[in-house]
Amino acid sequence: MVHSPSPSHLGNPLIALLQRSKSTSQILQIHAQLITTSFISDSFTSGKLLTSLTSLNKPHMDHARLVFDQIRLRSVFVYNTMIRGYVGSSNPEKAWSFYAGMRRKGLVGDDYTYPFVLKACGMMMGLAEGRLVHGELVKRGRCCHVFAVNGLIGMYGKCGEMGCARMAFDGVEEKDSVSWNLLLSAYVGCGNTEEAQKVFDEMPEKDVISWSMMIDAYGKRSGDVVRARLFFDNMPIRDTISWNSMIAGYVKVGDVMAARELFDMMPGKNVISWSILLDGYVSHGNPLEALKLFKQMLLEHVKVDKVAVVAALSACAQLGALVQGRWMHIYVERNRIDVDIVVQAALLDMYMKCGSVNEASRAFYSMSERNAICYSVMIFGYGTNGHGKKALELFRQMVWERNVWIDDMLFLAVLMACSHAGFVYEGLCIFEQMKGAYGIEPKLEHYSCLVDLLSRSGQLDSAREVIKSMPMKPNCAALWGSLLLACRTHRDVMLAEVAVKKLVELKADDCGTYILLSNIYADMGLQEESLRVWKLMKNRSMEKETGKSSIEVNGIIKEFVSGENSSIVEDALEWIMWSLSSMLLHE
C-alpha cells in the first residue's frame with residue numbers, strides 16, 4: 001500500500017523541494033535535512049525520497065539501497081520503486097532479487113510490479129524467471145490485463161521465444177499500440193523481417209515507432225537500404241530515431257556518403273546521430289573525416305558521449321595521431337565524461353597504435369579495474385611495438401594473479417604478439433596450453449595466427465601441416481594471405497600458387513594478391529610467369545588500390561594520396577621537409 005500524506009506532509013517544504021529536485025546533490029542535501037528533522041522515519045517521506053533517487057536520469061541506487069534498508073515497514077510501493085530503479089540503471093539481476101525478496105516476505109505484486117519485473121527478466125534473458133512470473137499472473141487471474149500481456153510479449157521476445165510471445169499477444173482481445181509495437185520489435189529483434197512485415201501490415205494504427213522499427217529491420221539488420229529508404233520516405237512523421245535508423249542502415253552497408261548526405265539534411269541531430277556517423281567513418285577506413293566530424297561536433301556544442309569518444313580515439317589510432325589522441329585523453333578527464341572499461345580500452349589501443357608504449361603502460365596500471373579486453377590490447381600492443389618479452393610477462397602475470405577470466409580473445413592476442421616477436425617456441429607452448437590447461441577450443445583465427453607464426457619463421461612445411469590438421473575448413477583469407485607473404489620471403493613458388501588458388505576460392509583475390517604472386521615469380525627469375533599475371537590483371541581490369549599515408553606534426557594531420565597532382569605533392573613534401581628541419585632545430 002502507498003501511505004497517504006498527512007496535512008503535515010503537505011505543508012512540509014522539504015517534501016515540496018524533494019519533488020522538484022533534479023540532481024543527486026540536491027536530493028542528498030534534502031535527505032540530510034530530513035534526518036535532522038526526524039521526518040525520515042516516516043514511511044511516506046522515505047517513500048518520496050526513494051522515488052526521487054530512483055527517478056533520476058542515472059538512478060542513484062547505492063544511496064537508494066541505504067534508504068530502503070532503514071525503512072522498517074516495507075510496502076509493495078517501496079519494493080516497486082527499487083525494482084523500477086534497478087531496471088532503469090540496467091541492473092536486472094538486482095531488480096529480480098528485490099522481487100524475489102518481496103515474495104519471500106509474503107507481499108503480492110500489483111499492476112505496477114509486473115511490467116518492470118518482466119522487463120528485468122527480458123533484459124537478463126531470464127526465461128525461467130519470466131515463466132515463474134507468467135505462472136503467478138495466471139494464478140492470480142491477471143493474464144487478460146493489457147499491462148501483463150505487454151510485459152509477457154516483451155519478455156518472451158527478448159528471450160527469443162517467439163511462439164510464446166505470439167500466444168500472449170493472440171490470447172487477449174484488447175490490444176493497444178504498445179502490444180503491436182512489442183510484437184513487431186520482437187520479430188525485428190530475432191531477425192524475422194518477413195513476419196515483422198506481416199505484423200506491420202496488420203497493425204490498425206502505425207505510429208512513428210512502428211515505422212522506425214521497419215527501417216531498422218530492413219536497413220541496419222538486413223542491409224536492404226533501398227527497402228528501408230522506402231519506409232523512411234513514406235513516413236507521415238519522422239522523429240530523431242527514424243533519421244538515426246536510416247543513417248545507421250547506410251553505415252551498415254558501407255555507404256557512408258549517403259549516410260552523410262542524410263545526416264546533413266537531418267533537423268535536430270542528437271549525440272547518437274553524430275556517433276553513428278563517426279563510427280561509420282572509422283569502420284569504413286576514413287579516420288581523417290571522423291576527426292573532422294568530431295571537431296565540428298565540438299564547435300556546435302554537442303555534448304559528447306562515450307560512444308563518440310571511442311570512435312574519435314579509434315580514428316586517432318588508425319592515423320597514428322598521438323598529439324590529437326593525447327588531447328582527447330585530456331578532454332575526457334576535464335569534461336568528466338563517463339569513462340567505462342570500453343573507453344579505457346580505446347585509450348590503451350590508441351597509445352599502443354601510436355607507438356607510445358610508456359603512456360599506454362601508465363594508463364593501464366592506473367586503471368582501478370582491468371578486464372580481458374584491456375589485457376588483450378596491452379599484450380598485442382607490446383608485441384606489435386617490439387616488446388615481445390613484456391607481452392609474455394604481462395600474460396604470465398595475469399595468469400598468476402588470476403584476476404581476469406581468460407578467454408579465447410586473450411589467447412589470440414598472445415599468439416599474435418608471439419608471431420610479431422618471432423617467439424615460435426613460446427607461441428606453440430601457449431597454443432597447447434589453450435587446449436590442454438584451459439580447455440578452450442581454438443577457433444579458425446587461432447589456427448590462422450599459428451600458421452602466421454610458423455610462416456614468418458620460415459617453417460612453411462609445419463605451417464602446411466597445421467592447415468591439414470585443422471578440425472575446420474581453412475576458409476580464412478588472413479591465413480592464406482600470411483602464407484603467401486611468407487612464400488615471397490622464403491621463395492616458395494609452389495606453395496604460393498596453392499595459397500593464391502585458395503584465395504580465389506574464397507573470393508579474396510584482390511589486386512595485391514596478384515602483385516605479390518607476380519613479384520614471387522620475378523624474384524625466382526620466372527619472368528614469363530610474372531608477365532602472365534600482369535596480363536591477367538589487365539584483362540580483368542584490376543587496378544591497384546590507391547595508396548594513402550598520413551603524418552602528424554604539431555597536432556596537424558597531413559594525408560597523402562598516391563597519384564595526386566604534382567603541385568600538391570610538391571607543396572606537401574616542402575611542408576614535411578620544413579617540419580622535419582624544425583624538429584631537428586628544437587632538438
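Author: A helix here is a DSSP run of H or I with at least four residues, and helices are numbered from the N terminus. With that in hand, Asp 216 belongs to helix α14, residues 208-221. Keep in mind that this is a predicted model.

Reader: Why is Asp 216 called buried?

Author: Buried means under 20% relative accessible area. Asp 216 has a relative accessibility of 12%, so Asp 216 counts as buried.

Reader: What is Asp 216 in contact with, leaving aside its neighbours within four places in sequence?

Author: Contact means heavy atoms within 4.5 Å. On that basis, Asp 216 touches Val 188, Arg 221 and Ser 245, once neighbours within four places in sequence are left aside. There's also Gly 249: 33 residues from Asp 216 in sequence, with 7.0 Å between the two C-alpha atoms.

Reader: And Asn 80, what makes that one buried?

Author: The cut-off is under 20%. Asn 80 has a relative accessible area of 9%, so Asn 80 is buried. Asn 80 sits in helix α6, and leaving aside neighbours within four places in sequence, Asn 80 is in contact with Asp 110, Tyr 112 and Thr 113.

Reader: On to the rings. How many aromatic pairs does the structure hold?

Author: There are 18 aromatic pairs. One of them joins Phe 68 and Tyr 79, with 5.3 Å centre to centre and 75° between the planes. Ring centres within 6.5 Å make a pair, and planes over 60 degrees apart make it edge-to-face, so that is the name this geometry gets. The pair links distant parts of the chain, eleven residues apart: Phe 68 is in helix α5 (residues 61-70) and Tyr 79 in helix α6 (residues 76-88). Both Phe 68 and Tyr 79 are buried.

Reader: Why is the pair of Phe 169 and Trp 180 edge-to-face?

Author: Their ring centres are 4.9 Å apart and their planes meet at 80°, so the pair is edge-to-face. This pair, too, links distant parts of the chain: Phe 169 is in helix α11 (residues 162-170) and Trp 180 in helix α12 (residues 177-189), eleven residues apart. Phe 169 and Trp 180 are both buried.

Reader: Which residue lies over the face of Phe 169?

Author: Lys 175 does, at 4.9 Å from the ring centre. The distance limit for that label is 6 Å, along with an angle limit of 35 degrees from the ring normal. Elsewhere, Arg 370 lies over the face of Phe 364, at 4.8 Å from the ring centre.

How values were computed: Residues are numbered from 1 along each chain as its sequence is written. This is a predicted model: local features need pLDDT of at least 70, side-chain atom pairs count only at pLDDT 80 or more; totals for chains, interfaces and linings use all residues. Side-chain values use heavy atoms; hydrogens and water are left out. Helices (H or I, at least four residues) and strands (E, at least two) are DSSP runs, numbered from the N terminus. Buried means under 20% relative accessible area, exposed over 50%, partly exposed in between (1.4 Å probe, protein chains only). Rings of Phe, Tyr and Trp (its six-membered ring) pair if their centres lie within 6.5 Å; planes under 30 degrees apart count as stacked, over 60 as edge-to-face and the rest as tilted.
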